Amino acid sequence: MNDALLIPLAVCVLGAALAGLFTATSLGQRIPTRNMGWLLAVAPAIAFGALIAQSPAVLAGQTLNWSISWIASLGLRFSLLLDGLSLLFALLVSGIGMLVMVYAGYYFAPKHADEKSSVGSGESESNTAPTPHSPLPNADARFFFYILLFMTSMLGLVLAGDVITLFVFWEGTSITSFLLVAYKSKDEDARKGAFRALFITGGGGIALLAGLVFTSSIAGSTGFADILRQGDALRASELYPVMLGLIALGALTKSAQAPAHFWLPGAMSAPAPASAYLHSATMVKAGVYLLARLHPALGLTDLWFWVLSLAGLVTMLIGAYVGFKQNDLKALLAYSTVSQLGVLVMLIGQDTEIAFKALVISILAHALYKSALFLVTGIVDHETGTRDLRQLGGIWRAMPATCAVAIVAALSMAGLPPLFGFLAKETLLATATHPNVPAIVDVVFPAAAVAAGALILAQAGLIVFDAFLGRPKAELHPHEAPLPMWVAPAIPAVISLAIGLLPEPEALATLLARAAAASYGAPVKVSLALWTGINIPLVLSAIAVTIGAAIITLRSRLRPLFTNLSGALSLEPLYTGALAAIDGLAWLVTRVQNGKLRLYLAIMFISAGVMMVTIGRLSPPSLPMTELGPRPELAALRFFLLLVIGVAALASVLLRRDLFAIFALAASGLSIAVLMILEPAPDIALVQVVVETLTLVVLVLVLTRVPREQRERAFEFTFRQTRPSLIRDVLIALGSGAVMFAIVLTALGTRPRESQMTPFYEQNAKPLTGANDIVGAIVIDFRGFDTLVEIIVFAAAGLAIYTLLRYASRKAGDRDDDAPVLDKSMLPFRGVASPITSPFVQALALLILPFTLLLAATHVLYGHDQPGDGFTAGVIVSLGVATWYVVFGYAETKRRLAWLQPSAFIGAGLLLAIGSATAAAIINGSFFSPVDFGKLLGIGFLPRGVYLSTATLYELAICLTVTGGAVLMLDTLGHPKDSDAETARQMDEIAVLRQRGEVTLDEVAESEVRGQKSEVRGERLEVGD
Amino acid sequence: MDVLLALTISALFAIGVFQLLRRNLIRSAIGMAIVSNAINLFLLAAGAYYGEVAAYANEAGQRSDALPQALILTAIVISMGGFAVVLSMLYVLSVRYKTSDSDEVKGLTH
């Protein structure tokens, strides 16, 4: 365990958090972008330092580990390891990360005013996308946020000591790179490129995960250390080809290998610092890293050799060939990167010591020169407004320092001495000629390597000769970049030069040797001497340079001859086809998902029915038809009730008027209540009656709010819909009914005749809870928590209706004021006092509410011993209130019942329920356990049968909550419509007139019947005045 | 008795399904209520045994099965709450789209 391994990750996370803070808050506005770059570069700098601090141990050959249990039940650990290979990559990630942060600060900073004029003219004539310059100095804090997140993922990836840990970070790099490529989110190309990169690397990631899971299940561990030890077992497994195929798919797509390489040039819409970082030095090498890491476990087979060598070889050639004909500097660099990645993958395919020496040298060399060149390209773009080779030229006079950096880096890219890139190419060519490789490779590989080398050299030549040297273009007005901006690429360029020129740096050679050894699986000797005498690699190198030089000289004539093979040689058509297929599928799905909920329902019922029939194993036993059940004398009544239940439900279908259909529904429901009495289940019967009544009230309230014209139109459609659809619905209904019949029969015929649980409740209801009512005891005590949730749902329904109708709907701009005028027959239910309510009814209503309160109190106090409970009590109270709405109208009821605050009732009820249950928990140690507070506190004056117990308090709580919820429903639905407000006012006036005896009841009723209400009212109102 | 009860339950269910499939949203709502009635009856029928007296500790004789009754109580309350929400949504649809025909309600965008 070495906690120091966490430092690099931790500082990057902190840096990302800080950058996130800058992005999200006004804090970022106070810090100029340049300073932000410097400030946040501290994070990678510390990471770099921490890694350097650990390097002596690694160079001495140790492997450092750190891990912590992650998902213990799966045996997963979050673990890190640091060996030579990890260290090489981690140093690149943090080191180049540092440079990129500083550079990005200047890249995104607004330019000085004096530069603006010249830059403006340059941009106006360019046809490439100009570099974004946001008006606000802080808008680009987002870039730092993304790139630090990416840095964290990338560091985690190369430091992971476990395949699952690695995979999580792997996906992290895919996601963060998506954000970075799509950074200019207003640019469609950027979005497309980002999506394409995510699609390909993310898709590869899925394959990778599967491959890693295979690997770790065969190796018996997800840790790299264990997997690497199990190499023989893995290679011997019959799943080896699958495993290798899946992992290679993940790694090769990530590292932009042909034919999936096309995402990388497409991702060049990323800002220059991101491209320099992700697409040269770090992310695209993640696949290379993984393959190098797993080589000792999965390599050394023919399959490994052919898969990687061929993929790498083809990629190398495609990248070199296609890159040469690019005009966009970044696209050119992208293709040369593709080519170089091909080289790296090809090298991992060779199981020779020298190949791994070449691998590590090439990784380092490429990271150094390519990041430098990407950063330089960013400067060119930034200062001239274009990166098109046809428009650039001769800018070395204006930007000598940048030009010098570019030339050094390009020389390294070309593989010319004395640059580090020369060494990389030499070792590559040495690999190609190595005697250990299969015979055919002896010819093909060197030839391919020479051809690719020549073209890459020519690409480097294009950059130098066509962009920086050559004839200056009059329309360009380039400026030298700020010092730190060109120093950032200068550092890797100078290192490339220094490694070549200086005497062999011992530490670096050791690091590379350790990295190569970790990947090769055996010690590798690495020397960094450029000059190794005249040998075959040197000869091949000379040939490549000669051909390359010739190509450069003849470039203007040769480049048009290069046909654009990028489309033909890649999977891009497949990708485009896949996207089109997805669009087609989406089209198809939206045909099915057409928004007609009825269709969804029909499909659900049909599928449920089919599933029950096919896999439900329905086997209805034959049940005796003649068995009448207990109390045979009631059988006739039961038959009758069942008949009424069915016929009333059928009537609700056939009755034309909605109001009658609703009454039929209520009749069916109330018959069920009577059936419950016969069961005998008095508690349910009671609840069913009150709920059925409340449902009826709510239904009628809603019905009055839907204009009759709408309802009639809908009804017409119901029965005048096309005959086939009617038949279809009937068939679905009959089919569902038949399946239901089979289910019920099966259930009834096969159920055990002895209850497993009921005897417990029967025996314990009285002793444990003091309740005679066993059902009540179950609801209130045994399953008290259930009931708590139930009343919360009920109250939430009330609140939801209130929110929906009184708040959300209005906010959405819904208005019901264009609804056709009043359906007078419904008027009494509308919560608007009807002028025809007689004083007798008013007096009755005044009596009813206190009576319901009394009834509710009885239910609360005696519910434990008698039918009824808090819920019934609550609904009864709310029905009393509903009566008042009908009789006195909405406003009047609100005025008279000011104490009835539904939300407060809900809150009080829930608090009381939880409070009493908590008190019980304190006393008894168990939530919702029964406690008799009356006995506990010695309160002796309670009437017989009444207990001050948790049960009673809970009943009261339920009553309060349900009253609140139900009244809230009635309140909301009974609230006068906007369009009714005027009518209601007039109605109120008529009521006043009536009270004064100026209008008789008959006159009002008659006028309403005649439909001349307004006229009569108008006349009478005049009379009143 | 069991067979008749099963017949009633399935008839209720079929009628409810038919109502649910109507274009008329009010009828669909009625269908929902009928289906929940059918399910409640099914729960009741699924009790282990029939009783002769109500499930009260102080009653002598074969008591009815208390457990399904407790479950039905909860089910009734919950379906009542859900039903009320459905109805209020029906009202909002009627106000917003000026229709109670489910096929005319399309593109629930705002």
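Ground rules first. I am working on a predicted model, where local features need pLDDT of at least 70, side-chain atom pairs count only at pLDDT 80 or more, and totals for chains, interfaces and linings use all residues. Residues are numbered from 1 along each chain as its sequence is written, chains are lettered from A and ligands numbered from 1 in the order in which they are written, and side-chain values use heavy atoms, without hydrogens and water.

**Entry: chain B against chain A**

I looked up the interface. Contact (heavy atoms within 4.5 Å) links 83 residues of chain B to 115 residues of chain A. The two chains bury about 9,000 Å² between them, with 71% of it on carbon and sulfur atoms. Buried area here is the accessible area (1.4 Å probe) that two parts lose on being put together, summed over both.

I found three salt bridges between chain B and chain A. In one salt bridge, B:Arg63 meets A:Glu762 at 3.3 Å, N to O.

Which helix of chain B gives the most to the side that touches chain A? H3(B) does, with 25 residues. By class, that side of chain B has 53 nonpolar, 18 polar and 12 charged residues. Ala, Val, Leu, Ile, Met, Phe, Trp, Tyr, Cys and Pro count as nonpolar, Asp, Glu, Lys and Arg as charged, and the others, Gly among them, as polar.

**Entry: a helix pair in chain A**

I checked H18 (353-384) and H19 (400-414) of chain A; their axes come within 9 Å and cross at roughly 145°. Among the contact residues are A:Leu373 and A:Val376 of H18(A), and A:Val405 and A:Ala409 of H19(A). The contact residues divide into 10 nonpolar, two polar and one charged. Axes are lines fitted to C-alpha atoms, for helices over the stretch in contact, with angles from 0 to 180 degrees between N-to-C directions. Helices are DSSP runs (H or I, at least four residues), numbered from the N terminus.

**Entry: local details in chain A**

A:Asp232 pairs with A:Arg235 in a salt bridge, closest N and O atoms 3.2 Å apart. Both lie in H11 (231-236), three residues apart, about one turn of the helix. The peptide bond from A:Glu679 to A:Pro680 is cis, with omega near 0°.

Technical notes: Helix = DSSP H or I, 4+ residues; strand = E, 2+ residues; numbered from the N terminus. Salt bridge = Lys/Arg side-chain N within 4 Å of Asp/Glu carboxyl O.
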